[in-house]
Amino acid sequence: MSNNQKKRNFQIEAFKHRVVVDPKYADKTWQILERAIHQIYNQDASGLSFEELYRNAYNMVLHKFGEKLYTGFIATMTGHLKEKAKLIEAAQGGAFLEELNKKWNEHNKALEMIRDILMYMDRTYIESSKKPHVHPMGLSLWRDNVVHSPKIHTRLLNTLLDLVHRERTGEVIDRGLVRNVTKMFMDLGESVYQDDFEKPFLEASSEFYKVESQEFIESCDCGDYLKKAEKRLTEEIDRVGHYLDAKSEDKITSVVEREMIANHMQRLVHMENSGLVNMLLNDKYEDLGRMYNLFRRVTNGLATVRDVMTSHLREMGKQLVTDPEKSKDPVEFVQRLLDERDKYDKIISTAFGNDKTFQNASNSSFEYFINLNARSPEFISLFVDDKLRKGLKGIADVDVEVILDKVMMLFRYLQEKDVFEKYYKQHLAKRLLSGKTVSDDAEKSLIVKLKTECGYQFTSKLEGMFTDMKTSEDTMRGFYGSHPELSEGPTLIVQVLTTGSWPTQPAVPCNLPAEVSVLCEKFRSYYLGTHTGRRLSWQTNMGTADIKAVFGKGQKHELNVSTFQMCVLMLFNNSDRLSYKEIEQATEIPAPDLKRCLQSLACVKGKNVIKKEPMSKDIGEDDLFVVNDKFASKFYKVKIGTVVAQKETEPEKQETRQRVEEDRKPQIEAAIVRIMKSRKILDHNNIIAEVTKQLQPRFLANPTEIKKRIESLIERDFLERDNTDRKLYRYLA
Amino acid sequence: MHKLSRSNRDKLQQFVAITGASDKNALQALKASDWQLEAAFDVFYSQPQPRSNGDMRRLEELYNRYKDPYSDMILAEGISVLCSDLQVEPQDIVTLVLSWHMNAATACEFSKEEFFGGLQALGVDSIGKLQEKLSFMRSELKDEQKFHEIYNFAFGWAKEKGQKSLALDTAIGMWQLLFAEREWPLVNHWCDFLQDHHNKAISKDTWAQLLEFARTVDPALSNYDAEGAWPYLIDEFVEYLYDKSVVEK
C-alpha cells in the first residue's frame, strides 16, 4: 500500500481462488452428529457440547449437505425407535404401558435436543424444501415405528380399554399413566387420538353400557335405575376430566345417554309401581327432578315425560270429576281440584324447573277434565259461596286473596262461564238477602277479579245487587224516620231489588198475617210516594222472619224462619189444631212449597216446633198439625229457615240449564249480526269460526245452534243466501 | 224490412207464437232486448199493450164466467169451473203452472189483473186456446230453469196469506206433487221424516234449499258435505237416513 492511499476505504475482496470443500467433510461431520444422536438416545448426552454439534449441523447445511443431514437424521432415529419398540413389546403385563410411557418420555426429550441441534436445518433447508420439520417428523416416526408397530398397536388399545373397563367395575387404576398415554395420542395428532383410541373407546363403552343398562333395567326400579344412570354419567365426565381429552366429553356422554336413557325411555317411564305415574302420585320430587334432568339430554326425552304426565293427569282428572261419590259434596269436589292444582304446581316448580311446556300441558289437562263435568261451574260457585259464608272466617286478608286467586284459576278453565255467572248470581242473592256473608271486602274483591277477567258486562249486574242492598238500608232509615209510631210492634226490614240485576224468580202467592201485611202496605205507600212510576211485588219466597214463641211448658225460644214458615206458624195463634187443607187455604202457598215448608217445621229432629199426625216422613193432604208443646232445644235462638244455597236437584238443574241455553240464543244472534254487519258477505264456515271465537270468553258455542240462529235470521230477513253460492251469506241492511 | 238472420227469424216466430203480438211489436221488442228472447218478453209485457178490442172483450167474457158474484176475483168455485172447462182435475199440477204464469199471489184465487196477465202471457183468449196450451205448460215443468222458478214460486203461492212459513201438510202435498214431475228418490223419506220429527211449518229458506239438495246431492249421499251450510232440518234428515239404514254411512 502506498502512503498516498491512507484515506482509501478498506475493501475486502473475495478469495481469488475457489475453495473446495473436503468431500469427506460431509461424511465426517455426519458421523459426529450420528454418534451424538446415539448418545442422546442412550441417555449419555452429558459429555456433548451443544455448541459444537450445532455448528456442525450448521456447516453441513451451509455447504449444501442439508439433504444428507436430514435423511441421516431420519434413518438414525428410525433405527433407534425400532429398538425401543422391541423393548416395549417385550414388556409383560402392567409393565407394558409403563415401558411405553417411559420410552415416550425419553423420545421426547431426545427429540427436543435433536431439534435444537438441527435448528438451523429446520429453519432453512426444511423450510425451503417443504419437508416436515424435525419435531413433527420425530413424532411421526414414533407413531409409525412404535404406536403403529403391529405388535404394539392392538395391544396398546386393548390395554387401555381394559383399564377403563376395570375402573368402571370398581377397580382403582393408574390414572396418571393413562393420562400420559392419551396425551401422547393427542400430541401425535387429533386424528391419531380419534382413530387409534377414541373411536374404539366409544364403541367399547357403548357395548358396556348396553349390557349394564339391560341388567339394571331388569333388576332395578325406575328411581334406582335413574340414580345409577346419573352416577355413571357423572363418572364418565369425571373420567374425561382426569385422563381423556376434553373433546371426548360430549361424545362419551352421548353414548351413556343413548344406551342408558334413550334406549330404555319408554320402559322407564311406564314402569309399574315405580315409573313416572307412581312418582307423580307420591310426590317424589327428587326422583322426578332426576328424571327431568336426565331425559332433557335426549331427543324427545322431555316430550315423552310430558306426554305421559298429560295422559295420566287427564285420566285421573276425568275419574275425579265423573265419580258420582266425589260429586256429592260440591265444596269437597272443588277443594280436591284445588289440591290437585297445588300438587302439580309444586311438582312443576320443584322438580321440573318451572318448565313452561309442562305448565302448559298441565293447564290444558285441567281445562280438559274440569269441563267434562257439566256441573263444574255450579260447584265452583257453591265453593265460593261456602267460603264467603263461613270458610273465610278468621283468615287474614292476604290469605283470603290467595284462596280467591286460586278459585279464579279454576274459573279460567271453565268453558261455560255463563253458567257460572248464573249460579253465582243466585248464590250471591241468597247470601246478600240472608245477611250471611263473612266479609264484604272478600265479596268485592272477587267481583273485581271477575271484572278484570271477563269485562264490565259480566259484573255490572252483580254490582247492582250490592248497590240495591245499600240503597235499601237508606230507604229503611227513611221509612222508620218518617213513621215513628211504628217503633212499637213488629219490625219490618225491606230489601228493594231492581228486577234486572237479581235472578228472576216468579212471584209466589202467599197470605201474610195481618200484623205483617199492614206494615207492608205502609211501606209500599211510603216507597211509592218517593218513587213514582215504579211497581213493587213482594217476593215472599225469599224472606225470613224472627218470631218469639212460648211453648207448653213455658219454654221461650226465638225462631228464625222463612216467610212461608212464619205464615204457617202465625196461624197457630188462633187455632190449636189445623189440617193441611186449612193451612193451604189460609196461606194460599202453592202445594210443593207448602209441603216443603211443613216438612221443615214438623219432620226435622231438633227443629220440630209443630207435630204432625200421622208421624210419617212425607206430608199428606189429610195430615193434621198441632204445636209441639214438648219442643226442646238447648239454644234460645233456633234456626229453621231453609234459605241456604244448595246443590240443585235434578229438575232444578234442568231448568237452569234450559235458561242458560235460552240466554245463549240472543247472544249468538248478536254475534252473528255484528260480524255480518262488518263483513257484509261471509261464507258459512267462517261465520261459525268467528262466532265461536267471539263467544269463547263466555261459553263454547255449538255449531249446530249457530246454524239454527243463522236460519232464524234468514227468516227474519237479516241475512240472505247468495244466489249463486249457497254457502255464502249476505247481510241485509 | 231489414234482412234477418235465420236464428233471429226463428226467434221472431217463437215470440209471435207465444205472445200473440204483431210482427211489428215483436220486432220492436226483440231489437230492444238485443235479440234475447227472455228479455224481449219482459220488454213486451212491461209495455202497455195496444190490444185489439176483440181480444179484450173475449177476456172480459171469460173472466165474468168465473168471477165470484160478490167480489172482483175468481175464487175457489170459479176455479173449479175453470178446471172442469179445461178438463183437468183441480189438483193437477198444471194449475200451478197456470198460476205461475199469472203470478198469482195465493192459491185458490185469481185477481182480475192476474187472470188477464196470465192469459195474455200465454197468448190465449179462449178456453179452447188455453186447453191447447196445456201440454206446453206441462212441458215447462221439464225445463230445469222453469221448474226451479215454478218450485220457488209455489212456496209463496201455497202458504197462507200473512204467514211467513208454509204449513207442514200443505208443504208435503206440494212436494209430492212437484217431485212427481221431477223425480227425487228420497221424497217419501223426506215427507215421513218431517211428519215423525218436525211437526212445524217450513221456512222459505228450507223450501228453497231442499230443491238444491235434491238437485246436487245424490240419493246415496256420497257427495253430502256436512260442512255444506245445509239448513239444520236437512242435516237432521241425513241423520235420520243413516239411523234408519236407508243409506250406509
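This report describes a predicted model with chains A and B, moving from its strands to the interface and to some individual residues.

## Basis of the model

Residues are numbered from 1 along each chain as its sequence is written, and chains are lettered from A and ligands numbered from 1 in the order in which they are written. In this predicted model local features need pLDDT of at least 70, side-chain atom pairs count only at pLDDT 80 or more, and totals for chains, interfaces and linings use all residues, while side-chain values use heavy atoms, with hydrogens and water left out.

## An annotated span of chain A

The UniProt record, an unreviewed entry, carries the annotation "domain: Cullin family profile" for residues 375–602 of chain A. UniProt positions are given in the numbering used here, feature names are shortened, and annotations may be inferred rather than shown by experiment. The end C-alpha atoms of residues 375–602 of chain A lie 32 Å apart, and the span is 61% helix and 7% strand. Helices (H or I, at least four residues) and strands (E, at least two) are DSSP runs, numbered from the N terminus.

## Strands 1 and 2 of chain A

Strand 1 (residues 544–550) and strand 2 (residues 556–562) of chain A run antiparallel and are joined by seven bridges; two strands pair if DSSP finds at least two bridges between them. Together they form a hairpin with five residues between the strands, and Gly554(A) in the turn has a positive phi of about 90°. In strand 2, His557(A) is the bridge partner of Ala549(A), and Lys556(A) is that of Val550(A).

In a regular strand the side chains alternate between the two faces of the sheet. Buried means under 20% relative accessible area, exposed over 50%, and partly exposed in between (1.4 Å probe, protein chains only). Strand 2 of chain A is largely enclosed by the rest of the structure, because five of its seven residues are buried.

## Further strand pairings in chain A

Strand 2 of chain A also pairs with strand 6 of chain A, in the parallel sense and over three bridges. There, Asn560(A) has Lys639(A) in strand 6 as its bridge partner.

Strand 5 of chain A takes part in two antiparallel pairings. Three bridges join it to strand 3 (residues 577–579), with Leu578(A) opposite Phe625(A). Four bridges link strand 5 with strand 4, where Ile610(A) has Val627(A) as its bridge partner.

## The interface of chains A and B

In the interface, 14 residues of chain A are in contact with 15 residues of chain B, contact meaning heavy atoms within 4.5 Å. The area buried between the two chains is about 1300 Å², of which carbon and sulfur atoms give 44%. In chain A, Lys707(A), Glu715(A) and Arg726(A) lose the most area to chain B, together 43% of what that side buries. Buried area is the accessible area (1.4 Å probe) that two parts lose on being put together, summed over both.

Four salt bridges are found across this interface. A salt bridge is a side-chain nitrogen of Lys or Arg within 4 Å of a carboxyl oxygen of Asp or Glu. One salt bridge joins the side chains of Lys727(A) and Asp225(B) (3.4 Å, N to O). Helix 29 (684–695) and helix 30 of chain A each supply at least two residues of the side of chain A that touches chain B. Helix 30 of chain A gives the largest share of that side, six residues.

## Backbone features

Most residues other than glycine have a negative phi, and most peptide bonds are trans. A cis peptide bond, with omega about -5°, joins Glu613(A) and Pro614(A). Pro614(A) is in the loop between strand 4 (610–613) and strand 5 (624–627) of chain A.

Asp717(A), although not a glycine, has a positive phi of about 60°; this residue is in the loop between helix 30 (703–715) and strand 8 (719–721) of chain A. Trp35(B) is not a glycine and has a positive phi of about 60°. Its place is the loop between helix 2 (23–32) and helix 3 (37–46) of chain B, and Trp35(B) counts as buried, at 15% relative accessibility.

## A buried and an exposed residue

Thr304(A) lies in helix 16 (residues 301–322) of chain A and is buried, with a relative accessible area of 9%. Leaving aside its neighbours within four places in sequence, Thr304(A) is in contact with Met265(A), Gln266(A) and Val269(A).

Lys634(A), in the loop between strand 5 and strand 6 (637–639) of chain A, is exposed, with a relative accessible area of 77%. The C-alpha atoms of Lys634(A) and Ala671(A) are separated by 59 Å, and these residues are 37 residues apart along the chain.
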